[in-house]
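Here's a quick briefing to read alongside the model. Have the sequence and the 3D view open as you go.

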Amino acid sequence: MAGEPQTDCLFCKIVSGDIPATIVRESDTTVAFRDINPQAPTHVLVIPKVHYPDAASLAAAEPQIAADVLREAGAVAADEKVDSTGYRIILNTGSGAGQTVFHAHAHVLGGRGLQWPPG
Ligand code: AMP
Ligand code: ZN
């Protein structure tokens with residue numbers, strides 16, 4: 001069923017606690033944890049607890065949870081004190097855009113200069 005945990009999904013295993021992560025925030029519907037390969041001083045991933053392959057499919061099926069992910073991304077930025085200097089929320093979608101884990105997730109990057117346009 002849509003949204004159900006997937007046995008072969010890394011981020012579902014982080015939600016269930018089967019794979020450890022450095023969790024920085026949690027809500028009823030989301031978990032935020034540090035990226036294992038950080039690309040900036042602040043690099044946190046915010047994921048929904050439910051499984052959808054990308055942000056757009058999450059938003060189509062569960063708009064409130066998609067909003068929760070964005071709210072929590074903003075809260076992470078405030079917790080990490082990068083909200084005043086600026087930060088970026090990234091939703092890589094599809095392998096051609098660099099998506100490697102097909103469980104919806106928002107990257108929160110900050111704490112250094114961020115170029116625009118991104119690569
Ligand atoms: P993406 O390339 O947008 O799909 O992002 C996936 C992200 O997950 C990458 O930035 C990886 O470094 C990160 N990642 C992969 N495995 C783990 C893990 N076990 N704990 C935390 N972050 C991870
Ligand atoms: Zn999953």
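Predicted model: local features only at pLDDT ≥ 70, side-chain atom pairs only at ≥ 80, totals over all residues.

Residues are numbered from 1 along each chain as its sequence is written, chains are lettered from A and ligands numbered from 1 in the order in which they are written, and side-chain values use heavy atoms, with hydrogens and water left out.

**Fold and size**
- The protein has three helices and five strands, in the order α-β-β-β-α-α-β-β from the N terminus; these are DSSP runs (helices H or I, at least four residues; strands E, at least two) numbered from the N terminus.
- Of the contacts (heavy atoms within 4.5 Å) with a separation of 6 or more, 53% link residues 24 or more positions apart.

**Burial and surface**
- Buried residues make up 38% of the 119; buried means under 20% relative accessible area, exposed over 50%, and partly exposed in between (1.4 Å probe, protein chains only).
- The accessible surface (Shrake-Rupley, 1.4 Å probe) is about 6700 Å², with 55% belonging to carbon and sulfur atoms.

**Backbone details**
- Most residues other than glycine have a negative phi, and most peptide bonds are trans.
- K81, in the loop between α3 (63-79) and β4 (87-90), has a positive phi near 60°.
- K81 counts as exposed because its relative accessibility is 65%.
- W116 and P117 are joined by a cis peptide bond, with omega about 0°; P117 sits in the segment after β5 (106-110).
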